[in-house]
Protein chains: 2
Amino acid sequence: MQLVDDLIAGNRRALARAITLIENDGAEVRDALAALYRHTGRAHIVGITGSPGAGKSTLVNALAKAYRQQGYSVGIIAVDPTSPFTGGALLGDRVRMRDLSGDPGVFIRSMATRGSLGGLAQATADVILALDAAGFQRILVETVGVGQAEVDIASTAHSTIVVEAPGMGDEVQAIKAGVLEIADILAVNKADREGADKTVTALHMVLGVSNLSTRQVRHHGQLLDAGLPAPASDAGWTLPIIKTVALREQGVPELLAAIEEHRGYLQTSGELQRREEDRARIALVHILQAAVLRRLQKNVSAQQLQHLVAQVAGREQDPYSAADRLLPAVLTA
Amino acid sequence: MQLVDDLIAGNRRALARAITLIENDGAEVRDALAALYRHTGRAHIVGITGSPGAGKSTLVNALAKAYRQQGYSVGIIAVDPTSPFTGGALLGDRVRMRDLSGDPGVFIRSMATRGSLGGLAQATADVILALDAAGFQRILVETVGVGQAEVDIASTAHSTIVVEAPGMGDEVQAIKAGVLEIADILAVNKADREGADKTVTALHMVLGVSNLSTRQVRHHGQLLDAGLPAPASDAGWTLPIIKTVALREQGVPELLAAIEEHRGYLQTSGELQRREEDRARIALVHILQAAVLRRLQKNVSAQQLQHLVAQVAGREQDPYSAADRLLPAVLTA
């Protein structure tokens, strides 16, 4: 496939076109991704997540610059799962562009939601594949918030950084938000602000009282999906807490070093293989579920579906019986 | 079905047992939900979402007390999508219990994630059905964060309240978080804090510059899933911004009044019917996707799946071809 050949050869236009295909979710994209796939597996994928206002975009920016200084090529994906139409994602992009645009070793892409039901997580995973195949060595995936989409997207990363900032609310909220459970590295950004040390102390306390290792929890969540037993806990990695001031690039070299150390740990411990298998399992389930939705759209007319929907909404029929009625059409090729 | 009869008669134990069945996702639950369904559609469902630290739990608590004073029975569902094993959801519950426990007109349930891929959104929707059938008149669904799970869960609510608080970060983050797009009512909680008026002004500005109505965006997101055209925008409702101090129950009567006003608007405008149809459509898709996962688990052994997963992880096979190999097993009854 010419597009795939061009992309693998490092052609930026081919990469951009492939990503557009992924976002439009056309029929061609499947074949392209299948062909790309064997050229992937070389990039290190870094997820960056945390509450709004923690300074994630600035930190991603600083991290990308630091990686460039070390000679690594960098792909950046900014995911905004809640903003289907307005300019949230674009806004962050404009800021980024000032520092990084024009550098052929950097590729930046924003992604907003394509509807719910895992569509965005799957599209993000596919764009990661495209950047990986195009030869980008470090891929930074920034997600807003602490919801399920972020957990899904973090699960496609090799190293997940959770960004906190001082004064973002009570410390107990950090536990409640639950993002610590997906973290490989914690960054306390805006560390020049009052309360930074208090935040670091609170995080240490939360980590101290947690009975389950963070990785054990993460694996549980994913493997339950496919009904498989959870693997042994990932006790070999101690979650580092790193203070940063992203705006002034303070702490960024330390953060970069922690990521690279984590990468080394993943490779030598066999954990990398386990995470790659997790990613593969999730990809399989997503692809199968997408196939079901496609069959529904192909085999059931909008009118038929609307009729059934109106009956369910009017309580003339329950949704389980209605789904049973749709199932044969979904199962037909 | 005895369980269903007891539940509809208002038996608390039957309700608790039904919810446990829903959470365990057993085979019986399907039949129970199908039987329950025609007894639903009477409750008004209120979603409460927003950033961690905004004081959602306290606000839900105060709102429940206010509804009780007006004689309404209240069901509360606290959803924590990111915390599969640790005590986030339970923690919020304990606080709540002090004020509301022992009141037979209140039923409180926490739900943590059951794995990703829409499982939690579906379970939450099912628990809402059970509370509705059991006769609870107002159902408050609290979700943490701003991710896709929250958008999904908000889409099952009739009225969605987005809770902000002063000083939670730059105002532009409110746009970026995108939660405004799902709001029917905005609450600025902790309004006795410095910066509350600034937050209200910022929200007014954001709403003012937004070209799309909030509801239009919401409908888009959902209907894209099923490939249906988006309906006309919901221009008849002006998003109210209400200042509250939940801890001291200030502004809570006003918030309650806004919810009831929104309920009246939904009924008279025909928008209620449209939202019920949205919910039905989403339920149908979720049930179909769950059916696919169940078939995968039933028809493919853990060993077979693991073998395929290892091949994909090792780049010996791409996930699309692997999914094609699984599809016949998924499509077989």
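**Exercise 1. Find what share of the 333 residues in chain A is buried.**

Solution. Buried residues make up 56% of the 333 residues in chain A, where a residue is buried if 20 or more other C-beta atoms, placed from the backbone, lie within 10 Å of its own, exposed if 12 or fewer do, and partly exposed in between. This is a predicted model, in which local features need pLDDT of at least 70 and side-chain atom pairs count only at pLDDT 80 or more, while totals for chains, interfaces and linings use all residues. Residues are numbered from 1 along each chain as its sequence is written, and chains are lettered from A and ligands numbered from 1 in the order in which they are written.

**Exercise 2. Describe how strand E4 (residues 138-143) of chain A is covered and paired.**

Solution. Begin with the cover: 6 of the 6 residues of E4(A) are buried, strands being DSSP runs of E with at least two residues and helices runs of H or I with at least four, numbered from the N terminus. Next, sort the residues by direction: Arg138(A), Leu140(A) and Glu142(A) point one way, whereas Ile139(A), Val141(A) and Thr143(A) point the other way. In a regular strand the side chains alternate between the two faces of the sheet. Finally, look at the partner: strand E1 (residues 44-50) of chain A pairs with E4(A) in the parallel sense over 5 bridges, pairing requiring that DSSP finds at least two bridges. Ile48(A) stands opposite Glu142(A) in E4(A).

**Exercise 3. Determine how helices H4 (residues 56-69) and H11 (residues 252-269) of chain B cross, and which residues meet.**

Solution. The two axes, lines fitted to C-alpha atoms over the stretch in contact, come within 10 Å and cross at roughly 75°, with angles running from 0 to 180 degrees between N-to-C directions. H4(B) is therefore roughly perpendicular to H11(B), a term that covers 65 to 115 degrees. From H4(B), Ala62(B), Leu63(B), Ala66(B) and Tyr67(B) meet Val252(B), Pro253(B), Leu255(B) and Leu256(B) of H11(B), contact meaning C-beta atoms, placed from the backbone, within 7 Å. By class, this contact has 8 nonpolar, no polar and no charged residues; Ala, Val, Leu, Ile, Met, Phe, Trp, Tyr, Cys and Pro count as nonpolar, Asp, Glu, Lys and Arg as charged, and the others, Gly among them, as polar.

Technical notes: Parallel < 35°, antiparallel > 145°, perpendicular 65-115°, else oblique. Contact = placed C-beta atoms within 7 Å.
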